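Student: I'd like to go through this protein with you, one piece at a time. Can we start as soon as it's on the screen?

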Amino acid sequence: MTDSAASSVYSKDNPFHARVLENRLLNRPGSAKETRHFVIGMAGSALHYKAGDSLGVFPSNRPQEVDAILAALGASGDAPVTLPKVAGTVSLREALTSRLALASPTRRIVEHLASKASHPAEKAMLDGLLAPESKDLLAGWLDQREFIDLLEEFPSAKIQPQELVDHMRRLMPRLYSIASSPKVHPQEIHLTVAVARYETNGRDRVGVCTTFLADRASVGTTPTPVFVSHSHFGPPEDGSRDAVMVGPGTGIAPFRAFLQDRSASGAKGRNWLFFGDQKKATDFLYEDDWGRWKADGVLTRLDTAFSRDQLDKIYVQDRMRENAAELWAWIREGAYFYVCGDAKRMAKDVDVALHDVIAGQGNMDPQAAAEYVKLMKKEKRYQRDVY
């Protein structure tokens, strides 16, 4: 896998059909989470990757969800349908299984159903949702529903398979930060995946790709279409430089790769890891790895924040502030600062904490601290892999 990209015929447009070699639960009994470690076999792909890259996975939908849509349509899975940018026809079952997203219906399908509904109550309900004053109501209503809900809630709106397919989006691949280094695992790619299972509108829902990997990709047998997505994100090219890594939850994935990489290459730079999750007893992902690297001297510092282990919730940004003086000393001496994980809240909170640490410890006003962070980004000393 360390060959040049040109040596592989596989890409996003022509994914490699890999096999899942390992599927292991990382959380211990009693956890509120389901986080899994997957090993993807890449032998024969000629694909290469580096620490910091991501793996794209093309999932398939749950068979029971496909069957439910076929039943609601009263259609055969063999019915031919056409799809944008796909030559010829494909079977309706194939389209619903591996080509189309079964979630996130839009206003357009509601309008289409309203034009078809023959039952007065159903027609009135759809028209009410489409009224100009119901814009926010419709958005919230759709947020709780997938296509099967609409078909079953408005059975008088008879539509043909092609009509439904025309309102569906493509089923897109999902990207996961790689949790291994090719220097240690040249024929494998490791992933750290939080499996999504939840409920909306009284129905059990799942994350399409996370449960494809967890439930439907049988170890060693199920073809799993994948491709490598190369990233700007990665450990310092100069192994003598220090690295500060902030990765709560599954954001820890690339930093496992970083430490594998730096350990294998004999990098002399120090490594400081901030990790957070809910409970230490059940959610300390890869605890044995960190302990081994700590004992070996590869991991210089490890600061953890387990939010549910005490009355007041503690997060990684709180640990940064607690260690502000030493963190500033590392940064001032040229350390690289990395963040991986949730973009909506965590990454923003960590960014604020970084600015605060630099302003407070560097005796700078907010504008000067912002300029300092801007310079770190320009020098690629502040990198983020957020989603």
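Student: About how many helical turns separate D127 and K123 in helix 4?
Tutor: Before we start, this is a predicted model, where local features need pLDDT of at least 70, side-chain atom pairs count only at pLDDT 80 or more, and totals for chains, interfaces and linings use all residues. Residues are numbered from 1 along each chain as its sequence is written, and side-chain values use heavy atoms, with hydrogens and water left out. Helices here are DSSP runs of H or I with at least four residues, strands are runs of E with at least two, and both are numbered from the N terminus. D127 and K123 sit four residues apart in helix 4, so the separation is about one helical turn.

Student: And how far apart are N and O where the side chains of D127 and K123 meet?
Tutor: The two form a salt bridge, meaning a side-chain nitrogen of Lys or Arg within 4 Å of a carboxyl oxygen of Asp or Glu. For D127 and K123, the N to O distance is 3.7 Å.

Student: Is K123 buried, exposed or partly exposed?
Tutor: Buried means under 20% relative accessible area, exposed means over 50%, and partly exposed is in between (1.4 Å probe, protein chains only). K123 has 30% relative accessibility, so the label is partly exposed.

Student: At roughly what angle do the axes of helix 4 and helix 5 cross?
Tutor: Axes are lines fitted to C-alpha atoms, for helices over the stretch in contact, and angles run from 0 to 180 degrees between N-to-C directions. Helix 4 covers residues 120-130 and helix 5 covers 135-143. Their axes come within 7 Å and cross at roughly 115°.

Student: Which residues of helix 5 do M125, L129 and L130 meet?
Tutor: Contact here means heavy atoms within 4.5 Å. From helix 4, M125, L129 and L130 reach across to helix 5, where they meet L137, L138 and W141.

Student: Which strands stand at the edges of the five-strand sheet?
Tutor: Two strands pair if DSSP finds at least two bridges between them. The open sheet runs in the order 13-12-11-14-15, with parallel pairing. Each edge strand has a single partner, so one side of it is left without a neighbour in the sheet: these are strand 13 (301-306) and strand 15 (382-386).

Student: Which residue in strand 15 is the bridge partner of Y338?
Tutor: Strand 14 (residues 336-341) and strand 15 run parallel and are joined by five bridges. For Y338, the partner in strand 15 is Q383.

Student: Which helix packs on that sheet?
Tutor: Look for a helix touching strand 11 (243-246), strand 14 and strand 15. Its direction makes about 155° with that of strand 14, and it is helix 14 (residues 346-361).

Student: How many residues apart are R321 and D356?
Tutor: R321 forms a salt bridge with D356, with the closest N and O atoms 2.7 Å apart. R321 lies in helix 12 (residues 316-322) and D356 in helix 14, so to speak linking distant parts of the chain, 35 residues apart.
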